[in-house]
Amino acid sequence: MASNPGPLYEWPWEKMGSFKYLLLAPFAVAALTGNDDEDNWATHMLLMTAIRYLIAQFFISVSRIHAVTKHTRIQANGIEYKQIDREDNWDDFIILQVYVATLVHHLPYLGYSGFPMYNNQGLWHLLLFHVGPAEFLYYWLHRALHHHFLYKRYHSHHHASFVPEPITGSVHPFAEHIMYTAVFAIPLLGPFFTGTASISMFYAYLIGFDIMNCIGHCNFEFFPQWFIGIPGMKYLIYTPSYHSLHHSRVHTNFCLFMPIYDHMFGTVDKSSDILYERSITGNSVPVTAPDVVFMGHGTTLTSAFHAPFIMRSLSSRPFEEQWWMRLFWPICVMFALIMRLLGRSYINDKHRLRGLKLETWATPAFVIQFLFKSQWPWINSKIEEAILEADKSGVKVVGLGALNKNEALVRTLGSSGHNRKLPRVFLTCTFFRMEAESCSSINTQNYEFESYMGTLSLLRRF
Ligand SMILES: [Zn+2]
Ligand SMILES: [Zn+2]
């Protein structure tokens with residue numbers, strides 16, 4: 001939230017809550033009842049919207065899978081729950097752009113309709129209108145938004161996220177998105193005036209734009225050194241670490257996607273190249289072992305939605321099964337089967353508490369599997385693997401949570417064929433099992449918290 005919100009700060013549909021998605025209903029009705037126009041406009045708008053959500057979800061998932069990101073993280077700090085809440089309505093701009101494009105489509109005389117599906121020349125025109133006017137105007141609009149008058153009224157909302165996540169790129173007040181939409185309309189209107197417009201340019205521009213925006217905010221570096229080493233490349237395309245500096249240092253690296261404008265106008269951060277090198281080589285945030293690992297597991301099959309890399313917003317709240325999750329039950333069953341066949345314990349989330357580094361790991365099993373004795377050897381082997389891995393990496397305490405510490409199960413730990421004595425961390429977790437015996441609930445959030453408290457008190461004894 002900006003310190004002094006200006007006019008049109010709030011989105012017009014803010015008070016509608018989740019009912020805002022009804023704004024897309026007229027498009028669905030037109031598409032499904034055969035009342036779409038000759039351009040199949042409503043169908044394209046819906047398809048494009050679906051693709052935009054899928055792109056965002058892809059980047060949300062990848063950026064939160066620690067096995068993928070841990071070696072090239074840019075900023076060490078995690079994301080706080082209040083940031084997740086503040087960014088919950090990151091998708092408002094998708095609805096806005098559907099309506100603005102539809103408005104232009106129906107404008108009388110402008111005739112922003114009746115174009116072919118594809119025009120190769122038009123896509124080149126689109127690119128030229130983007131790298132020229134759109135990037136240039138965005139750069140100066142962004143500089144203006146950093147003037148304290150506009151910054152405290154609007155743009156500080158975006159900068160409240162010091163550590164960005166992929167969808168942070170689209171989190172701005174309504175008035176700011178109106179300004180951006182006006183600038184980003186130029187590459188789409190340009191081909192129209194050169195007579196080369198096509199439906200495909202909407203897909204190319206909006207999808208390309210979203211991908212670049214997610215890249216800039218994903219907080220892990222992945223552009224290969226050979227690619228950035230191509231002469232001139234670092235002026236043409238930004239990297240995740242480049243825009244990360246705009247969030248951590250605020251008044252440098254203003255460009256949209258092309259650093260050339262920062263180089264031209266002297267606003268490139270001097271540490272951009274250094275941070276890129278440090279991030280891509282794993283030296284920006286070196287991988288270190290946590291102090292404490294708490295091992296939970298899935299509860300119901302739909303509890304998979306609670307994983308941070310599946311649903312960012314649900315993972316920040318205590319898990320509650322909602323009706324719509326049951327629609328995804330077949331996918332959840334498939335997920336459980338894949339975990340059964342290929343799964344191993346994984347890092348679910350990382351936290352910091354009282355100066356200690358904590359990690360929640362998850363056994364790749366759901367409650368239903370714990371009910372079958374035939375599954376215990378497999379579950380045990382996964383828990384053992386995790387304990388051995390934690391010990392090897394220097395973890396001080398492992399706490400077993402929920403059914404992972406089921407007495408019948410724990411008694412058989414160490415018998416799964418690992419020809420190694422389970423290490424000292426194991427002793428602490430059986431001890432911890434007794435410590436935490438009173439926590440019978442398997443409600444993940446409360447349980448984790450109580451267990452963490454138990455584990456922390458334990459840690460102090462070592
Ligand atoms: Zn900014
Ligand atoms: Zn940003």
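Trainee: Let us start with the strands. Which residue in S3 does valine 292 stand opposite?
Mentor: Valine 292 faces leucine 358 in S3. Please keep in mind that this is a predicted model.

Trainee: In which sense do S1 and S3 pair, and over how many bridges?
Mentor: They pair in the parallel sense, over 6 bridges. Strand S1 covers residues 292–297, and strand S3 covers residues 356–363.

Trainee: How many residues of S3 are buried?
Mentor: In S3, 6 of the 8 residues are buried, so the strand is mostly covered.

Trainee: Which residue in S4 stands opposite valine 293?
Mentor: That is valine 398. Strand S1 also pairs with S4, in the parallel sense and over 4 bridges.

Trainee: Which way do the residues of S4 point?
Mentor: In strand S4, residues 397–400, Val397 and Gly399 point one way, while Val398 and Leu400 point the other way. All of these are buried. As a general point, side chains in a regular strand alternate between the two faces of the sheet.

Trainee: Changing topic: how many helices and strands are in the protein chain?
Mentor: The protein chain has 22 helices and 4 strands. It has 462 residues, of which 37% count as buried. Among contacts between residues at least 6 apart in sequence, 74% join residues at least 24 apart.

Trainee: Could we look at one residue in detail? Where is threonine 181 found?
Mentor: Threonine 181 lies in helix H8, which runs over residues 174–184.

Trainee: Why does threonine 181 count as partly exposed?
Mentor: Threonine 181 has 15 C-beta neighbours inside 10 Å. A residue needs 20 or more to be buried and 12 or fewer to be exposed, so a count in between is called partly exposed.

Trainee: Which residues does threonine 181 touch, leaving aside those up to four places away in sequence?
Mentor: Threonine 181 touches Leu96, Gln97 and Val100. Glutamine 97 is 84 residues from threonine 181 in sequence, yet their C-alpha atoms are 7.2 Å apart in space.

Trainee: Which residues of H5 are buried, and what covers them?
Mentor: Asp92, Phe93, Gln97, Val98 and Ala101 are buried in H5. Their cover includes helix H2, residues 41–63, and H8.

Trainee: How far apart are the end C-alpha atoms of H5, and what span should we expect?
Mentor: Helix H5, residues 92–106, has 15 residues; at 1.5 Å a residue it should span 21 Å. Its end C-alpha atoms are 22 Å apart, which agrees.

Trainee: Now for helix packing. At what angle do H6 and H9 pack?
Mentor: Helix H6, residues 120–145, and helix H9, residues 186–193, pack at about 135°, with their axes 8 Å apart. H6 is therefore oblique to H9. The contact is made by Gly122, His125, Leu126, Phe129, His130, Pro133 and Ala134 of H6, together with Ile186, Pro187, Gly190 and Pro191 of H9.

Trainee: And what is the angle between H9 and H10?
Mentor: H9 and helix H10, residues 199–216, pack at about 160°, with their axes 10 Å apart. They are therefore roughly antiparallel to each other. H9 passes H10 in a right-handed crossing.

Trainee: Which residues make that contact?
Mentor: Pro187, Leu188 and Pro191 of H9 meet Met201, Phe202 and Tyr205 of H10.

Definitions and conventions
Residues numbered from 1 in each chain as written. Chains lettered and ligands numbered in written order. Predicted model: local features only at pLDDT ≥ 70, side-chain atom pairs only at ≥ 80, totals over all residues. Helix = DSSP H or I, 4+ residues; strand = E, 2+ residues; numbered from the N terminus. Contact = placed C-beta atoms within 7 Å. Pairing = 2+ DSSP bridges. Expected span 1.5 Å × (residues − 1). Axes fitted to C-alpha atoms, helices over the stretch in contact; angles between N-to-C directions. Parallel < 35°, antiparallel > 145°, perpendicular 65-115°, else oblique. Left-handed = near helix turned anticlockwise from the far one by under 90°.
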